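Colleague: I am new to reading structures, and I would like to learn how to go from a single residue to the elements around it. Could you take me through one example?

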Amino acid sequence: MRRRLELIDGHRIDLSLRTLKLFGSDPALRVRRGESLWALRLSTGTVTLFLRHPADDGFAEAEAWGDGASEAIERLPTLLGADDRRAGEFAPSAEPLRTLQRRFRGLRLPRSGAVFDVLVRTVIEQKVSGKEAHRSFRRLVALHGESAPGPGELRLPPSPSRLAELDWAELHPLGLEQRRARILHGVARLAR
């Protein structure tokens, strides 16, 4: 499935998608200037989105694979942050905010709806260095995640049901102590 989306007010897809990247080499998201590859879990299933977003032509082109492809194409503006406020609608009065607005011109906030995946990453990041968190997350995804549909060899974090099946003995070698493992199990059991 494909879709072409007009970008307004200098919207930069690469800058916007980088806000979702919690680690340098995220197994589910590759962002480059001009094109990106993003794997995510939507309500209708997993999907991989290939996005071409040249900086100078004002359009983004998307191609999607997987059970969630139709939903991703339909929700593309929201996924990419195109529904975020336009530049003229956000006029901060404080100088630090105005400085940030100028510095990150083109940034829009995407809304993936992938709350579970973000929660897993957030729990893994607690009380350890970024390097340790990155290593634990990559190991978790490599051993218990799933291959994303389509091109690019991206991997998705484990589904809630898969993560709920794992016991502490399986998570400990990944660098997750009992407290974070217990929180991950609770999050997985509550996920819809």
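This is a predicted model: local features need pLDDT of at least 70, side-chain atom pairs count only at pLDDT 80 or more; totals for chains, interfaces and linings use all residues.

Colleague: Where is H53 found, and with which side chain does the side chain of H53 make a polar contact?

Modeller: H53 is found in the loop between β4, residues 45-52, and β5, residues 59-65, and its side chain makes a polar contact of 2.9 Å with the side chain of S36. Leaving aside neighbours within four places in sequence, H53 is in contact with several residues, including I13, D14, R32 and F59.

Colleague: How many residues lie between β4 and β5 in the hairpin that they form?

Modeller: There are six residues between them, and G58 in the turn has a positive phi of about 75°. The two strands pair in the antiparallel sense over five bridges, and F50 has E63 in β5 as its bridge partner.

Colleague: In what sense does β5 pair with strand β1, and which residues make up the covered face of β5?

Modeller: Strand β1, residues 2-6, pairs with β5 in the antiparallel sense over five bridges, with L5 standing opposite A60. The covered face of β5 consists of A60, A62 and A64, whereas F59, E61, E63 and W65 make up the uncovered one.

Colleague: Is L97 in a helix or a strand?

Modeller: L97 lies in helix α4, residues 95-103, and is partly exposed, with a relative accessible area of 43%. Together with L100 and F104, L97 forms a nonpolar patch on the surface, with about 240 Å² of accessible area together.

Conventions
Residues are numbered from 1 along each chain as its sequence is written. Side-chain values use heavy atoms; hydrogens and water are left out. Patches are made of residues with over 30% relative accessible area and no salt bridge: like charges are joined within 9 Å, nonpolar side chains (Val, Leu, Ile, Met, Phe, Trp, Tyr) within 5 Å. Accessible areas come from the Shrake-Rupley method with a 1.4 Å probe; for residues, only the protein chains shown count as cover. A salt bridge is a side-chain nitrogen of Lys or Arg within 4 Å of a carboxyl oxygen of Asp or Glu. Helices (H or I, at least four residues) and strands (E, at least two) are DSSP runs, numbered from the N terminus. Buried means under 20% relative accessible area, exposed over 50%, partly exposed in between (1.4 Å probe, protein chains only). A polar contact is a pair of N or O atoms within 3.5 Å; within protein, one must be able to donate a hydrogen and the other to accept it, and residues adjacent in sequence count only if both atoms are side-chain atoms. Contact means heavy atoms within 4.5 Å. Two strands pair if DSSP finds at least two bridges between them.
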